[in-house]
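This briefing concerns the packing of helices and strands in the structure shown below. Please keep the model in view while reading the points that follow.

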Amino acid sequence: MTDLLTLEAAIEAVLVRSAPLPRERVALGEASGRVLAEPARALVDLPPFASSAMDGFALRSVDTPGPLPVVARIAAGSPAPRELHPGEAMGIATGGVVPEGADAVVPIERVVSTGDSIDVPNVVGQGDNVRPRGGDACEGDVVLEAGTRLGAAQIGALAAAGIPELVCARRPRVAVLATGSELRTPGESLEPGEIYEANGAMLEAALRAHGADVERLAPVHDDEVAHRDALARALESDVVVSSGGVSVGPHDLVRSVAAELGVDEVFWRVAVKPGKPISFGVRDATLVFGLPGNPVSTLVGFELFVRPALRALEGERDPGPRFRQAPLARPVRRNDARDELVRARWHDGALEALGGQESHMIVRAATADALVLVPRGEGELAGEVSYLPLG
């Protein structure tokens, strides 16, 4: 097993070759899921004016406690009619502009209102219920740093800061190719020796969920010409992800045909289970992943190598793989030669390994919540473990 590359070295070899893609400008409304290529700075103070945090009355704190006339009412979205003079109050809605001269807002439920006047029974502190101008961010402040992936909260922050468009890395273009003469499309009748093609569908789903632009090529038979035509087309993308055909059998053609097409193989075979015969290479700036054909091996290879590469191509900070920590419900036996990714489910706040860990058992894997990393070594793994979430 000494010829196998360690998992750590294989991940590093992938990431060091995954340079960020070119930048492009993206409208805010189209930016969900994208990664910032440069810092996004606020175009306004946020809030852009001192505003009320409550429905109530704007006043001067020194005028409390006591009775005050209500000289105006301020709705959200409207300016204050004038400056607030000593000994006055103005009704104000949540989000309304706090008038000049006022330094506090008293909630409506904490006063006695009699139409055009209020009685404030207690002292109101200076600044109470007032959101100061620029309290969240000031014009020119960095709202989000480069390398941030944009979700709902991030889009909301950018919109509030007045930013209409962003500079993001281009979405990765990924070609997916399944190989094998035995593959048939779900819905077709199966003849002896044939199976339904699942890896391409699984990879396409994972890639689209990530936000990549995906071209899924038709499965190819175990034929050199078919492989050459399909791989030549796939190599026009930023990333090629194939499944099957990377072992040592007479019909395993992916690596040899890729080499003929100019792919420089970086590594082949990694000390990981499942997924040992994975290959990785490059042609110019195109990354080429040859994942094993067993479905669980394909799943594990995607999470360990392909997903981190996509994050790196988009310029995301900490591309991963992003292992988390959790307790293991029961000890798991370790493999003395290879790191192992074990499918597991949550049970009473801990991860429990599933039965049926063979690499062809995709139905069993479909019920898993996580891939638990079992480092190579002797004995059993117990206690706190590292895992990759699934789903």
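In this predicted model, the buried residues of helix H1 pack against strand S18 (264–268), strand S20 (279–283), strand S21 (286–291), helix H6 (295–313), strand S24 (339–347) and strand S26 (370–374). The points below begin with H1 itself and then turn to the sheet and to a further helix.

**Helix H1**
- H1 spans residues 7–15, and its buried residues are Leu7, Ala10, Ile11, Ala13 and Val14.
- These residues lie on the same side of H1 because they cover an arc of only 160 degrees around the axis.

**The six-stranded sheet**
- An open sheet of mixed pairing is formed by six strands, in the order S16-S13-S17-S21-S20-S18.
- Strand S16 (213–216) and S18 are the edge strands, each of which pairs on one side only.
- On average, neighbouring strands of this sheet are turned by 20 degrees against each other, direction ignored.
- Within the sheet, strand S17 (residues 239–243) pairs with S21 in the parallel sense, over five bridges.
- Val240 is found opposite Val288 in S21.

**Helices on the strands**
- H1 packs on the sheet, where it touches S18, S20 and S21.
- The direction of H1 makes about 160 degrees with that of S18.
- Helix H4 (residues 224–234) lies across strand S13 (173–178), S16 and S17.
- H4 runs at about 165 degrees to S13.

Note on methods
Residues numbered from 1 in each chain as written. Predicted model: local features only at pLDDT ≥ 70, side-chain atom pairs only at ≥ 80, totals over all residues. Heavy atoms only, no water. Buried < 20%, exposed > 50% of the residue type's maximum accessible area, 1.4 Å probe, protein only. Helix = DSSP H or I, 4+ residues; strand = E, 2+ residues; numbered from the N terminus. Arc of directions from axis to C-beta. Contact = heavy atoms within 4.5 Å. Pairing = 2+ DSSP bridges. Axes fitted to C-alpha atoms, helices over the stretch in contact; angles between N-to-C directions.
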